[in-house]
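Trainee: Could you take me through one part of this model in detail? I would like a close look, then its wider setting.

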There are 2 protein chains.
Amino acid sequence: MSNQSKKIIAVDAHGGDKGPKAVLGGLNQFLFKHPGDDILFRIFGDEALLRKMLKKYQRVARNCEIINAPDVVSQTDKVRDIIRTAQTTSMYMAIKDVRDGNSCAIVSAGNTGALMALSKLAIKTIDGISRPAITTMLPAGGGDKRVVLLDLGANVQCDEENLFDFALMGSVYAEKIGKIVRPRVGILNIGEEEQKGQEYLQRLNNLFNEHKEYLPFEYVGFVEGTDISGGEVQVVVTDGFTGNIVLKTVEGTAKLMKRVMTDTFKKSIIAISVAFLLTHVFKRLKAKLDPRSYAGAIFIGLNGFVIKTHGSSDALTFANAVRYAADLADADFNSRIRASVRYMSKLKTELKNAT
Amino acid sequence: MSNQSKKIIAVDAHGGDKGPKAVLGGLNQFLFKHPGDDILFRIFGDEALLRKMLKKYQRVARNCEIINAPDVVSQTDKVRDIIRTAQTTSMYMAIKDVRDGNSCAIVSAGNTGALMALSKLAIKTIDGISRPAITTMLPAGGGDKRVVLLDLGANVQCDEENLFDFALMGSVYAEKIGKIVRPRVGILNIGEEEQKGQEYLQRLNNLFNEHKEYLPFEYVGFVEGTDISGGEVQVVVTDGFTGNIVLKTVEGTAKLMKRVMTDTFKKSIIAISVAFLLTHVFKRLKAKLDPRSYAGAIFIGLNGFVIKTHGSSDALTFANAVRYAADLADADFNSRIRASVRYMSKLKTELKNAT
C-alpha cells in the first residue's frame, strides 16, 4: 500500500446488526482514544453510502480508503451457499485484502460461520495447525486478570489433536496479548464423575503430563467450570460446542446478576437516597463488568488476523475490536505460533501415533 | 415403619467434607424452620459417634432413628471398586432403605458417581426411561424465577433418546416442584455456527417440532447459553458434560461478580461510609445470590428420590436438601413421570425408528 510504515486494517462495513454507522463510529472512537497509533483503515462496503456518512466522521475520513463492495453477507446466510456467491461481498473482499498482503488484519461484525469459512478459504490455516479456533479473553479472578478461552464455536466436535493445537495457540495468545510469562493452561472437564466417553481428553492429558517440563507453558491438568473465572488458570481449552455455551453462560449470568443487583437496590429507600453518592462506584463497576470491553473474538491459527465482533456490536465494541487487531499486528503473533508449532512437532507426532 | 403418616427420609451421615456435624446441623435447621412437617429421619452412620453428637441436637434426637453403618464411601473412591464393597457403607445402606420402602427419599453429600451407580443398582431406573439424570433449579430472569437444567453430569455422552427423556422429566419437575403450568422447554445448542456433528440434537428438535401440539410441555426449540438465565425458558436440556460445565460456570461467574462488587465498594471511601446504611440491601442480595439456597441436586428417573448436596455442604445447604426431599415426596412426582412416559411412548417409538 501507499505507506508501508502504517498499520493497515481491513474493515467490513456491513454485516453487523447496527450497520456501517456502528462501524464508522467505532473507528472514530478508536482514533480519538489512540491518536498516537499510525493506522490506515481500508473500509469495504457501499462506497456512495460510506462517503456520505464519512462527512460526519472527519477523523476517520482522514485515515481511510474506501473500496466499493456491492454485496453483503447476511447473518442468516448459510455457509455452503456463501462460498459460491461471496466474491463481491464486503466481507470476502476485506478478507482477500489480508490474503493479498494489503492489510494485516480484518475486522468484521458479520456472520461468524461465513467469516470463518471464507477466512479459511482465502487466508488458509497455518501449516501444522489442524484447525483454526475462535478465542477471547474473559475476566477472571478479579482486578485486571483475564483468562483465554478457546474454542468458542468454530469446531463443534474436536479430537485430541485439535485441543493440542488450541493449548499451543492459547498459550501464545496469553503470552503475547495477555503479557503473561509461561501461562497456566488447563483442559476443561467435569470433576466428580468417571470420565467415560471422553477418552480423547484423557489421552491429551496423559501426553501433556508426561512431557510437562518440555511444554512451552505450565500445564495444570483438568480444570472445571468454576475454574474458568477463578483466576488460577490463564488458558482454558475445550471443544467449540462447550466453549460457545460457556461463553454465553458467562454473559447470561453476568446479566442476571446485574439485574438482581439493580432490583434489590431499587427496593431499598435508603439505597435510593444514597445512590447519588455511589454514582462513581456504579460507574467503575459497570466498566469492569461491561461485556463490550472484551466482546471481540479472534480467529487464531490462520495466516492473518481475523477479528470478529458481536453481531450487535456498537461503536465501543468496534473500537475495542480494532484495538485487538492493532495489538495482534504489533505482537508478531503468528511467527511465534509457527515457532511453537515447530518446537512441539515431535510431541504432536507422538500424540498421533498413540491414537 | 413405626408411623406410616410420617414422611420418612433416609440420611447418609458421612461422605460430605464437613462430616456428620453439617448433616445433623442441617436436620436441626430444617426442623426449626418447618415445625409443621411431620418428618422422621433414619440416619445411617457411626452409631456411637452420632448418639454422642445428638446430645447437642435435641430437636433431631426427638425425630430420628439411628442405624449403624460401619463403613463410609469416600469422595475419591472409584465407582467400579465401590460396587463390590459398598454393602456396609452408610451411603448404600441408606439407599437400600429407600429400595426396601422404609424411607421415601435419601439425602447424601457423598461421592456423586458412587451415589448414582449405587442408586441405579438398588432403586433401579423407571421403566421406559433410558437413563436417570441429575438436575437442579437455577435462578433465571430475576425475582423468584428459576430454570430446571439437566443433565448435570450423570451421562457424559448422550443420544436423542436420553435428551427426549430429560425433556419429559425436566418438564414434570418444573410443573410439580417449580409450580409452572405447561413449562417452556428448550434444547441447549450453539447459535451462530452450522450444526455439523450434532445431528442427534437436530433429529430430536425435528421430532419435537413436528409434534408440538401433542407434547405435554411447550417446546421452544434450540436455546443458547445466554437463555439459561434469561427467564424465558423453564427447562433446559443438555448432555451431562455440557450441563456440569454450565452449572459450574454459573457458580464461578457469580462468585467472580461478587468479588468484583466487593472490591469496587471497598475502594470507595463514600461507599464504606454509607455501608452500614446498606446492610439490609447486601443481606437481601446475598440471600438471592447464595448458591447454598439451591445447591441440592436431584437424581430423577429412579424408582425413589435421591438428593445429592455439594460435597462441601454446610448445615444450611443440608437443610435445603431435606426440603427438596420432602417436597418431592409430597408431589407424587414419580407417578406423574410414569404417566408421562406412557403418554409419550408412541413418540419415543417414532424417534427410535427414525435413527
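Mentor: Start with R84(B), which sits in helix α4 of chain B, residues 79–85. Keep in mind that this is a predicted model. Is R84(B) buried or exposed? Its relative accessible area is 63%. Exposed means over 50%, so R84(B) counts as exposed. Now take F44(B) as a reference point. R84(B) and F44(B) lie 40 residues apart in sequence. In space, their C-alpha atoms are 19 Å apart.

Next, strand β4 of chain B, residues 105–108. Here the picture is one of cover. A105(B) and V107(B) point to one side, and both are buried.

Which strands pair with β4(B)? One is β1 of chain B, residues 7–12, joined in the parallel sense over three bridges. Within that pairing, I106(B) has A10(B) opposite. The other is β11 of chain B, residues 305–308. That pairing is also parallel, over four bridges. There, K308(B) in β11(B) stands opposite S108(B).

Chain A has 15 helices and 11 strands. Its sheet is open, holds 11 strands and has mixed pairing. The order is β3-β2-β1-β4-β11-β10-β5-β6-β9-β7-β8.

In chain A, β6 (residues 146–150) and β9 (residues 235–237) run parallel, joined by three bridges. V148(A) has V235(A) in β9(A) as its bridge partner.

Helices lie across the sheet strands. Helix α10 of chain A, residues 240–266, lies across β5 (133–139), β6 and β7 (184–188) of chain A. It runs at about 140° to β6(A). Helix α2 of chain A, residues 47–54, lies across β2 (39–45) and β3 of chain A. Its angle to β3(A) is about 155°.

Last, the totals for chain A. Of its 355 residues, 59% count as buried. Its accessible surface comes to about 14200 Å², with 51% belonging to carbon and sulfur atoms. Among contacts between residues at least 6 apart in sequence, 74% join residues at least 24 apart.

Key:
Residues are numbered from 1 along each chain as its sequence is written. Chains are lettered from A and ligands numbered from 1 in the order in which they are written. This is a predicted model: local features need pLDDT of at least 70, side-chain atom pairs count only at pLDDT 80 or more; totals for chains, interfaces and linings use all residues. Side-chain values use heavy atoms; hydrogens and water are left out. Helices (H or I, at least four residues) and strands (E, at least two) are DSSP runs, numbered from the N terminus. Buried means under 20% relative accessible area, exposed over 50%, partly exposed in between (1.4 Å probe, protein chains only). Contact means heavy atoms within 4.5 Å. Accessible areas come from the Shrake-Rupley method with a 1.4 Å probe; for residues, only the protein chains shown count as cover. Two strands pair if DSSP finds at least two bridges between them. Axes are lines fitted to C-alpha atoms, for helices over the stretch in contact, and angles run from 0 to 180 degrees between N-to-C directions.
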